[in-house]
Amino acid sequence: MPEEKTGLLPKLAPVQGGVWKADMRVCHVITGLGDGGAEAVLFRLCTAVADVKDGIPHTHHVISLSGPGRYGSMLAAQGVRVDCLDMPRGQLTLAGLLKLFRLLRRERPDIVQTWMYHANLVGGVMGRLLGIRNVVWGLHHNFLDSASASRTTRLVNWCCARLSHVVPRSIVSCSQQGAVTHAALGYAASKFAVIPNGYDLSQFSTDDRARATLRSEWRVAPDTFLIGMVARWHPVKDHPNLLAALTKLVANRISPWRCVLIGTGTGADNIQLRDRIAELHLDGQIVMLGHRGDIAATMNALDLHALASYSEGFPNVVAEAMACGTPCVVTDVGDASYIVDDTGWVVPPRMPEALANAIAAAMEAARDNTAWANRRVACRARVVEEFSLSRMVSSYQRVWHEIQGDQA
């Protein structure tokens, strides 16, 4: 089966129907099931296989090194078995390791698919010690530094780089840039497969009713340009970069606009963020909404989604916004520029003036109603063509079945 080449590493084409017919038991080992991008991808992967027309039957079993988080009950409600080892985040316990050992020994899955550094190390090594050869690692970061990751996480990543040559049969990276970065750190480059995240396009789509409802709830006038940033409160998301850019819009008297901040830790109870907004005299322009479960509706309410991060792998929020027909301005991190392509604006990270100029350019472009409508259509078309859920699912299937076929 031919491969598409992007840069140094392979990007897999979707599996074609009828190639593999046997049922396959896949055990996913993940660091936790909280509200994160990798966790969301795992949920979609486990619950969407049965809905993919040309898919192959798979039985999924999810093991969380920590607790059930947000997605544990959601997976269970969809009929996916979930076991939690209840180990403290970033720590190992003898009881947790013994439980993992017993689960894998009893289940003997065809594939052990791990997610993120700690699970790659613990789940991958445990699987190989039990004689399970078909281990696939999952990488969902671009790079780590002292501000974005603990010393323990960076040590685990260092260990994984050395063990990548012997433990996994394949390494899935959600981003091309992430694969290149990790290969440069010593990961086995020949084992990488790049599988972009996929999205349920029936859930993320244009919705004029949701747009009108939320803008009314937030008291945003129809003719006010609404900027939004959906991101948890975390250093790598670089909210200060966005705030600095917004102050430049005020200084340049660009109006009318408002901005909503959405994500865990961005509510009014974040005193540090609230005080900084007040110091910059932006409290009349910014609404702090915190965590919301209606992200598809939120993306529809926005005129522009801004990604201000200084590090990303494959930023889900960009593709989710575009699937709803919302153009994006992004920093050039991870695969953000690849997702946006020519539908939006790309600026260097940590350069608020460039970010402000891009937002101003978007506001100016929106004045041409016809051109803006065409841009919105192009945003959704980009996601439909490149980042559908069925494409992601079939690509994972291809990895699993190819390594099983190599072993046969």
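Leaving aside neighbours within four places in sequence, which residues is Met 363 in contact with?

View 1. Leaving aside its neighbours within four places in sequence, Met 363 is in contact with Phe 225, Ile 254, Ser 255, Pro 256 and Trp 257. Between Met 363 and Ser 255, which are 108 residues apart in sequence, the distance from C-alpha to C-alpha is 8.8 Å.

**View 2. Packing of helix α11 against helix α14.** Helix α11 (residues 316–323) and helix α14 (residues 369–386) pack with their axes 7 Å apart and at an angle of about 120°, and the two helices are therefore oblique to each other. On the α11 side the contact is made by Ala 319, Met 322 and Ala 323, which meet Cys 379, Arg 380, Arg 382 and Val 383 of α14. The residues of this contact divide into 5 nonpolar and 2 charged, with no polar residue among them.

**View 3. The aromatic pair of Phe 314 and Phe 387.** The structure holds 9 aromatic pairs, and one of them joins Phe 314 and Phe 387, whose ring centres are 5.4 Å apart and whose planes stand at 70°, so that the pair is edge-to-face. The pair links distant parts of the chain, 73 residues apart, since Phe 314 sits in the loop between β13 (304–307) and α11, while Phe 387 sits in the loop between α14 and α15 (389–407). Both Phe 314 and Phe 387 are buried.

**View 4. The ring cluster of Trp 115, Tyr 396 and Trp 400.** Tyr 396 and Trp 400 form a tilted aromatic pair, with 5.9 Å from centre to centre and 50° between the planes. The two residues both lie in helix α15, where they are 4 residues apart, about one turn of the helix. Tyr 396 is buried, with a relative accessible area of 1%, and Trp 400 likewise counts as buried, at 0% relative accessibility. Ring pairs link these two residues and Trp 115 into a cluster.

**View 5. Leu 139 and His 182, with the residues around them.** Leu 139 has its place in strand β7 (residues 135–139), whereas His 182 is found in helix α6 (residues 176–184). Leu 139 counts as buried at 1% relative accessibility, and His 182 counts as buried at 1% relative accessibility. Not counting residues up to four places away in sequence, His 182 touches Tyr 117, Leu 139, His 141, Asn 142, Asn 157, Tyr 187 and Phe 192. With the neighbours within four places in sequence left aside, the contacts of Leu 139 include Tyr 117, Tyr 187 and Phe 192 as well as His 182 itself; also among them are Asn 120, Ile 171, Val 172, Ser 173 and Cys 174. The C-alpha atoms of Leu 139 and Ala 38 are separated by 8.8 Å, although these residues are 101 residues apart along the chain.

**View 6. Confidence along the predicted chain.** The protein chain averages a pLDDT of 91, and 90% of the residues score at least 70. Over residues 1–9 the pLDDT is below 50, and in the model this stretch has 24 contacts beyond near neighbours in sequence. Over residues 50–54 the pLDDT is also below 50, and that stretch has 3 contacts beyond near neighbours in sequence.

Technical notes:
Residues are numbered from 1 along each chain as its sequence is written. This is a predicted model: local features need pLDDT of at least 70, side-chain atom pairs count only at pLDDT 80 or more; totals for chains, interfaces and linings use all residues. Side-chain values use heavy atoms; hydrogens and water are left out. Axes are lines fitted to C-alpha atoms, for helices over the stretch in contact, and angles run from 0 to 180 degrees between N-to-C directions. Angles under 35 degrees count as roughly parallel, over 145 as roughly antiparallel, 65 to 115 as roughly perpendicular and the rest as oblique. Contact means heavy atoms within 4.5 Å. Ala, Val, Leu, Ile, Met, Phe, Trp, Tyr, Cys and Pro count as nonpolar, Asp, Glu, Lys and Arg as charged, and the others, Gly among them, as polar. pLDDT is the predictor's confidence in each residue, from 0 to 100. Buried means under 20% relative accessible area, exposed over 50%, partly exposed in between (1.4 Å probe, protein chains only). Rings of Phe, Tyr and Trp (its six-membered ring) pair if their centres lie within 6.5 Å; planes under 30 degrees apart count as stacked, over 60 as edge-to-face and the rest as tilted.
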